[in-house]
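This report goes through a single protein model, one topic at a time. The sequence and structure come before the text.

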Amino acid sequence: VEGLRPVKKENSELGFELRDGIFKAFCKKALQNYNDSRKSKEELSEQKSLNQSLKSFIAHVDETIAEHENFQIDGISGASCASIIEISEQNFTVKSWGENARRTTLRNIVEQYKKYKENKDIEWSAQKVREILSVTHHHTYFYGFLKAFDEYIEKNKFEVIISEPVLEKPYIFIIDEINRAEISKVFGELFFSIDPGYRGEDGKVKTQYANLAEDGDVFKDGFYVPENVYIIGTMNDIDRSVESFDFAMRRRFAWVEITAESQKKMLHDVIPTWATDAEKRMTAINSVIGNIEGLNSSYHIGPAYFLKLADYSGDFQKLWDNHIGVVLKEYLRGRPDAKVGFDKLEKAYNLA
């Protein structure tokens, strides 16, 4: 979801910075689509135009820095207060007069600019910047940046017309081998957030690092899973030495068993030359597995094992020796009748 990552600061000292995890970054993309799907074509056109303006403004600032080594911005008082010496769509580095450079992060610049534009003609102060833009520090730099952006837009009009509305899309997050970690601990205080009943802004949860979130972060006031996010987990529930999937978490998922029999079509799609023979052998050994006490359909050998035949030019014996036989031997390890059971499985595999 999120975590602290070591970073090297300007003075070469090491520090820590809050970074979004893969899931949180994914949810931000999904939330953008969810929110955009509820906007009119006019609103989308304005947003697209501003996004295009921002990219052009950043290029303009980069060109100015390359030519003059800085890009001056005005403070709240109206006087030049600092220079931008580096810029991206996520942050910019300023160098104020008589001070060292400092990195300043202003997220959701387009949304922040809209707030600035709505209040453009008021008498700005640090307090107003704090209230309107919801920033807690570097007030004069944020104001100076948005003022410079506004002046650039006034001189360079970008108009993008959106003819079709944005459709809400399902965002599907797949966690392979989901039981390799204790998933309830991974989600921690967000345990309830993946439940359909807690989706959306009403299910907002404060994370342990919430106080470190940057100003303008869409989840600064709490993280939640957007309603258009779907989570799919895959697991082999007989794997040994993996964490258990506790019942409280199980209740939050619908469960579908993927059987070996239901996937045999892949044999004909991937290894058509040996598909028929492979299917017969798979069915035969799975029939024996089902009759061994303590084993069941969860222990069946699936068609994915047989896809390795392509690596052995269709040599079924090598497939048995290197892959299938060793797995079946592990199934039977520690049993008093292991040898008998293994011999039955080998005969079935060889269609004897």
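A residue is called exposed when its relative accessible area is over 50%, buried when under 20%, and partly exposed in between. By that rule, Lys265 and Asp269 are both exposed. The structure is a predicted model, and the accessibility classes below are to be read on that basis.

Lys265 and Asp269 form a salt bridge in which the closest N and O atoms are 2.9 Å apart. Both residues belong to helix H8 (residues 265–270), where they are four residues apart, about one turn of the helix.

## Other salt bridges

Side chains of opposite charge can pair when their charged atoms come close. Over the whole structure, 21 salt bridges are found. One of them joins Glu111 to Lys114, with 3.4 Å between the closest N and O atoms. These two residues lie in helix H3 (residues 109–118) and are three residues apart, about one turn of the helix. Glu111 has a relative accessible area of 35% and is therefore partly exposed, whereas Lys114, at 18%, is buried.

About one helical turn separates Asp343 from Lys339 because they are four residues apart in the helix. Lys339 counts as exposed because its relative accessibility is 58%; Asp343 has a relative accessible area of 28%, so this residue is partly exposed. A network of salt bridges also links Glu2, Asp20, Lys24, Lys28 and Asp217.

## The four-stranded sheet

Strands S3, S4, S5 and S6 make an open sheet in the order S3-S4-S5-S6, and the pairing is antiparallel. Strand S3 (71–74) and strand S6 (101–105) are at the edges with a single partner strand each, so one side of each has no neighbour in the sheet. From one strand to the next, the twist averages 40°. Strand S5 (residues 91–96) and S6 run antiparallel and are joined by five bridges. Within this pair, Val94 has Arg102 of S6 as its bridge partner.

Helices also meet these strands. Helix H2 (residues 41–68) packs on the sheet and touches S3 and strand S4 (80–87), with its direction at about 100° to that of S4. Helix H5 (residues 139–155) lies across S3, S4, S5 and S6, and runs at about 110° to S3.

## A nonpolar surface patch

Which residues make the nonpolar surface patch? Ile172, Ile174, Tyr230 and Ile232 do, and the patch covers about 400 Å². At least two of its residues come from strand S7 (171–175), and at least two from strand S8 (229–233). Ile172 is in strand S7. With a relative accessibility of 45%, Ile172 is classed as partly exposed.

## Asn33 in helix H1

Is Asn33 buried or exposed? Its relative accessible area is 6%, so Asn33 is buried. The residue is part of helix H1 (residues 22–36).

Apart from neighbours within four places in sequence, Asn33 is in contact with Val166, Leu167, Glu168 and Lys169, and also with Tyr171 and Asn228.

Key: Residues are numbered from 1 along each chain as its sequence is written. This is a predicted model: local features need pLDDT of at least 70, side-chain atom pairs count only at pLDDT 80 or more; totals for chains, interfaces and linings use all residues. Side-chain values use heavy atoms; hydrogens and water are left out. Buried means under 20% relative accessible area, exposed over 50%, partly exposed in between (1.4 Å probe, protein chains only). Contact means heavy atoms within 4.5 Å. Patches are made of residues with over 30% relative accessible area and no salt bridge: like charges are joined within 9 Å, nonpolar side chains (Val, Leu, Ile, Met, Phe, Trp, Tyr) within 5 Å. Accessible areas come from the Shrake-Rupley method with a 1.4 Å probe; for residues, only the protein chains shown count as cover. A salt bridge is a side-chain nitrogen of Lys or Arg within 4 Å of a carboxyl oxygen of Asp or Glu. Two strands pair if DSSP finds at least two bridges between them. Axes are lines fitted to C-alpha atoms, for helices over the stretch in contact, and angles run from 0 to 180 degrees between N-to-C directions.
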